[in-house]
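Open the model in your viewer and keep the selection tool at hand. The stops below can be taken in order.

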Amino acid sequence: MVFKKLMASMGAGGASVETELHAAETTPGGVVEGRIRILGGKVDQEIEGLFVGFQAVVEVETQDGEQRRNVEFGRQQVGGAFTLREGAAHDLDFRLPVPWEAPLTTFRGVPLRGTTVGVRTELAIDRAIDKGDLDPVAVGAFPAQALILDAFGNLGFHFRAADLELGHIRGTDQRLPFYQEIEFTPPQAYARGINEVELTFVSGEHRTEVILEIDKKGGALSGGSDAIRRFTVEHAGAHQTDWHAYLHGWFQELGQRRGWF
């Protein structure tokens, strides 16, 4: 028995955890539901707790350059302490809320390359953490976000890439330790003065802060720093605004002021 306990503590013959998601698609502010099965090993073990949460790959600036790091968010405890008997199975259903600031991984069925989000299950056992596999989750836009993204598409912008940056955007109500940048290449009408436009959503239950940053061509020689636009979208009334016209007007004004066309 002592040998069995020693092997279990080293991960051999110990408990294992499997997670099955009922649906692998959700939206910010939605939920992810599933079932967790804990399978007993070759010895009784004391389970101290069961946790589920989201994990994303985030870019981090260091002295050695840019690195990619797994960052957890929205973590919750879904099960308490109990004794898992040798060879027994223990099932638990869970319902995990999706943070409103969760990054998007897909839009209109098209993956946003550069962003990966999944659900990770953690089993606290014998004063250690056993992490299960990462179960990928597709996070799509909710209606207010979709209106903004559709407006970019209608203006002729093309999705280039998306990434997650560790840090906080000043002046926002950001709660997560990272934010997403969705990058677009401009249509021909704006290509003279713009390399790309970066779009960031900082969303809450009732409203979304939208931050747009233009990466200009020509750097400092083109006059001034990169242009930044911030505005707030109220979820309940988002459909009442013509976002195509709103964005087109801003790009036109910016282009005329800076002599892009």
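This is a predicted model: local features need pLDDT of at least 70, side-chain atom pairs count only at pLDDT 80 or more; totals for chains, interfaces and linings use all residues.

Next, select Phe-157 and Phe-251 together. They form a tilted aromatic pair, with 5.1 Å from centre to centre and 35° between the planes. The pair links distant parts of the chain, 94 residues apart: Phe-157 belongs to the loop between α2 and β13, and Phe-251 to helix α3 (residues 243–258). Phe-157 is buried, with a relative accessible area of 5%. Phe-251 is buried too, at 0%.

How many aromatic pairs does the count come to? It comes to 13. In one of them, the rings of Phe-152 and Phe-184 have centres 4.7 Å apart and planes at 10°, so this pair is stacked; the cut-off for stacking is an angle under 30 degrees. Phe-152 sits in helix α2 (residues 143–154) and Phe-184 in strand β14 (residues 178–185), so that the pair links parts of the chain 32 residues apart. Phe-152 is buried, with a relative accessible area of 0%.

Together, Phe-152, Phe-157, Phe-184, Tyr-190, Trp-250 and Phe-251 make up one aromatic cluster.

Clear the selection and pick Phe-51 with Arg-75. What lies over the face of Phe-51? Arg-75 does, at 4.2 Å from the ring centre.

Move on to strand β10, which covers residues 117–125 and contains Thr-121. Is Thr-121 buried or exposed? Thr-121 is buried, with a relative accessible area of 1%. Show its side chain along with that of Thr-19: the two side chains make a polar contact at 2.5 Å.

Finally, zoom out to the whole protein chain and switch to a cartoon view. The chain has three helices and 17 strands. Of its 261 residues, 45% count as buried. Among contacts between residues at least 6 apart in sequence, 63% join residues at least 24 apart. With a surface view turned on, the chain exposes about 13,700 Å², and carbon and sulfur atoms supply 48% of that area.

Methods
Residues are numbered from 1 along each chain as its sequence is written. Side-chain values use heavy atoms; hydrogens and water are left out. Helices (H or I, at least four residues) and strands (E, at least two) are DSSP runs, numbered from the N terminus. Buried means under 20% relative accessible area, exposed over 50%, partly exposed in between (1.4 Å probe, protein chains only). A polar contact is a pair of N or O atoms within 3.5 Å; within protein, one must be able to donate a hydrogen and the other to accept it, and residues adjacent in sequence count only if both atoms are side-chain atoms. Rings of Phe, Tyr and Trp (its six-membered ring) pair if their centres lie within 6.5 Å; planes under 30 degrees apart count as stacked, over 60 as edge-to-face and the rest as tilted. A charge sits over a ring if NZ of Lys or CZ of Arg is within 6 Å of the ring centre and within 35 degrees of the ring normal. Contact means heavy atoms within 4.5 Å. Accessible areas come from the Shrake-Rupley method with a 1.4 Å probe; for residues, only the protein chains shown count as cover.
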